[in-house]
Amino acid sequence: MRGDCWLMSTVAPFPRSIAAPLLLGVATLTLSGCIARTAGKIIAAPVNVASAAVDKATTSQSEADQNRGREIRKREEKLGKLEREYRKEREK
């Protein structure tokens, strides 16, 4: 062989003058998609971070309702316990 790469020797009828631009074109298309996807992730990263910070800093209405319900249940449990203790003390 004349120093050709093994790929060129296995694809013998394919002229080298066509193979190099073709491989370059395929590589460009493949890498451009990868670069575009990475650029999209980089651009979206600050938005995602800010969104996560807002989610942690704020309470949604459903979370507020759950917290309020929890507080009410705890107060009712405490009130029930005090009433039971009061009745127990009155019966003595």
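Colleague: Hi! In which helix is confidence lowest, and in which is it highest?

Modeller: Confidence is lowest in helix H1 (residues 6-10), with a mean of 53, and highest in helix H3 (residues 61-91), at 94. That score is pLDDT, the predictor's confidence in each residue, from 0 to 100. This is a predicted model, in which local features need pLDDT of at least 70 and side-chain atom pairs count only at pLDDT 80 or more, while totals for chains, interfaces and linings use all residues. Residues are numbered from 1 along each chain as its sequence is written, and side-chain values use heavy atoms, with hydrogens and water left out.

Colleague: What does the protein average for pLDDT?

Modeller: The average is 79, and 77% of the residues score at least 70.

Colleague: How many helices and strands are there?

Modeller: Three helices and zero strands, giving the pattern α-α-α along the sequence. Helices (H or I, at least four residues) and strands (E, at least two) are DSSP runs, numbered from the N terminus.

Colleague: New topic: how many of the residues count as buried?

Modeller: 4% of the 92 residues do. Buried means under 20% relative accessible area, exposed over 50%, and partly exposed in between (1.4 Å probe, protein chains only).

Colleague: How many salt bridges does a search of the whole structure find?

Modeller: Two. A salt bridge is a side-chain nitrogen of Lys or Arg within 4 Å of a carboxyl oxygen of Asp or Glu.

Colleague: Which residue does Glu71 meet in a salt bridge?

Modeller: Glu71 pairs with Arg68, at 3.5 Å from N to O. Both lie in helix H3, three residues apart, or about one turn of the helix. Glu71 is partly exposed, at 39% relative accessibility, and Arg68 is partly exposed at 42%.

Colleague: And which partner does Glu83 have?

Modeller: Arg87, with the closest N and O atoms 3.8 Å apart. Glu83 and Arg87 are separated by about one helical turn because they sit four residues apart in helix H3. Glu83 counts as partly exposed, at 37% relative accessibility.
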